[in-house]
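Hi,

Here is the structure I promised to pass on.

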Amino acid sequence: MSSLQHPEPIPTWRDRWSGDAEGAVVLDLGEQPASDLFPLPTDAAPDPRYRMRMVFSPTSGLLQLEQDPTTPEETMGVEPAALVRQADLCVADAISAGLIRPHSRVLHYPSPHGGSWRPQLEPFELDEVTEGKADLIVDVHGMMHAADQKAGFLERLGHLAEDGVMLFMIHNASAIVREGMWNALKNGHFAYYTTPALVRMADEIGLVAIGAWSYSLYNHGTTMLAFAKKGGSRGDTQAASVTALIAEETALGVLDPDRLVTSLHTSLVESVAAIREYLDQAAANGLTVAGYGAASRTAALLSSASITSDDVTMIADASAAKHGRAMPGSRIPIVSPGDLVAAKPARVLLFISDLLPEVRAAMPGVEENGGRWVVVDPIPTEIDPS
């Protein structure tokens, strides 16, 4: 039972799994620009803003985006090397567990932002299908984009063969809570799964969790869960690894709205204050600051910390489709990595910390010119030159 008074969601909100109206707002980012909008300099300003809040459902255990009135924009991202390495690890673990059988039928549910495991599965000569039954269903951050979570899960279940396996790759919300990664909340991402919540949902529709693997990615960790039909040939008992993960995450407080607020809201306040202080001090010292990573999660950070082009002159990104555009709200120009190196900034804020090894290798000129990389999450940390 919660001991705190939590704001209630909007009257029209319903749990995206159960349809229940009971819920608690555990994170409020206020008015934010659409996280997947990258306007052209000639587009009318100011950019539209929408209230962005995270709601916890005591019924399903899901953390979820309260509402999303935005229209999904064209996907412009480039898959980082970190995600490719993550896919390699996941497929290797699934093979070791005997979950991937050569020449079987596979159905993919990739993220709209990319991240399919097709290249990693190619050596197994799987028969990719788009309808009917599949022996292997691979969901790589796909279902979190479904506004109706139960309909999304049931649609996948309808394609699962009797002896099939469903592999789910999720950004683990338990790690988001543990690390206080408040800016993981963004448009188009309707559900944020913890292991207790996802396993509970699966159990309700007749699936059993037969395996769990945890990885470190994007500072807040990821988890791969394997599900099979209850009573099927793949097993009818929840794996010990799953039970252990549920116990660990429950102890963390992922089903307790009080602890969710304590972690996420406290991190929001502390992170924004630290970033603002760092940029103000950099300006006082006459340091030019640029950024790297025009990602959707970057928009909320820029907006929440009131960062403008006076603070950060430009943000570089690997996606050529974003070059010449700007970050929503702040209108900070998005440039190519080459343009960033040529500008010789004294500091480069890295908005996605897992990219540090690959961006340093790709842009040695940043440090050769006397600049330093600065990992932003959870607070700005300058990286000593290599």
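Let me begin with the rings: there are five aromatic pairs in total, where Phe, Tyr and Trp rings (for Trp, the six-membered one) pair if their centres lie within 6.5 Å, and planes under 30 degrees apart count as stacked, over 60 as edge-to-face and the rest as tilted. One of them is Trp-17 with Phe-153, an edge-to-face pair at 6.0 Å centre to centre and 70° between the planes. Trp-17 sits in the segment before strand 1 (24-33) and Phe-153 in helix 3 (residues 149-157), so to speak two distant parts of the chain, 136 residues apart. Trp-17 and Phe-153 are both buried, meaning under 20% relative accessible area, with exposed being over 50% and partly exposed in between (1.4 Å probe, protein chains only). Ring pairs also join Trp-17 and Phe-153 with Phe-168 and Phe-227 in a cluster.

A word on the ground rules. This is a predicted model, so local features need pLDDT of at least 70 and side-chain atom pairs count only at pLDDT 80 or more, while totals for chains, interfaces and linings use all residues. Residues are numbered from 1 along each chain as its sequence is written, and side-chain values use heavy atoms, with hydrogens and water left out.

Seven of its 10 residues are buried, so helix 5 is largely enclosed by the rest of the structure. Among the buried ones are Leu-198, Met-201 and Ala-202. Their cover includes helix 3, strand 7 (160-171), strand 10 (222-229) and helix 6.

How do helix 5 (residues 195-204) and helix 6 (residues 240-252) pack, and at what angle? The angle is about 130°, with the axes 8 Å apart; axes are lines fitted to C-alpha atoms, for helices over the stretch in contact, and angles run from 0 to 180 degrees between N-to-C directions. That makes helix 5 oblique to helix 6 (under 35 degrees is roughly parallel, over 145 roughly antiparallel, 65 to 115 roughly perpendicular, the rest oblique). Helix 5 brings Thr-195, Pro-196 and Val-199 to the contact, and helix 6 brings Val-242, Leu-245, Ile-246, Glu-249 and Thr-250, contact being heavy atoms within 4.5 Å.

Finally, Ser-330 is buried at 15% relative accessible area and touches Leu-302 and Ile-307, leaving aside residues up to four places away in sequence.

Cheers

Terms used:
Helix = DSSP H or I, 4+ residues; strand = E, 2+ residues; numbered from the N terminus.
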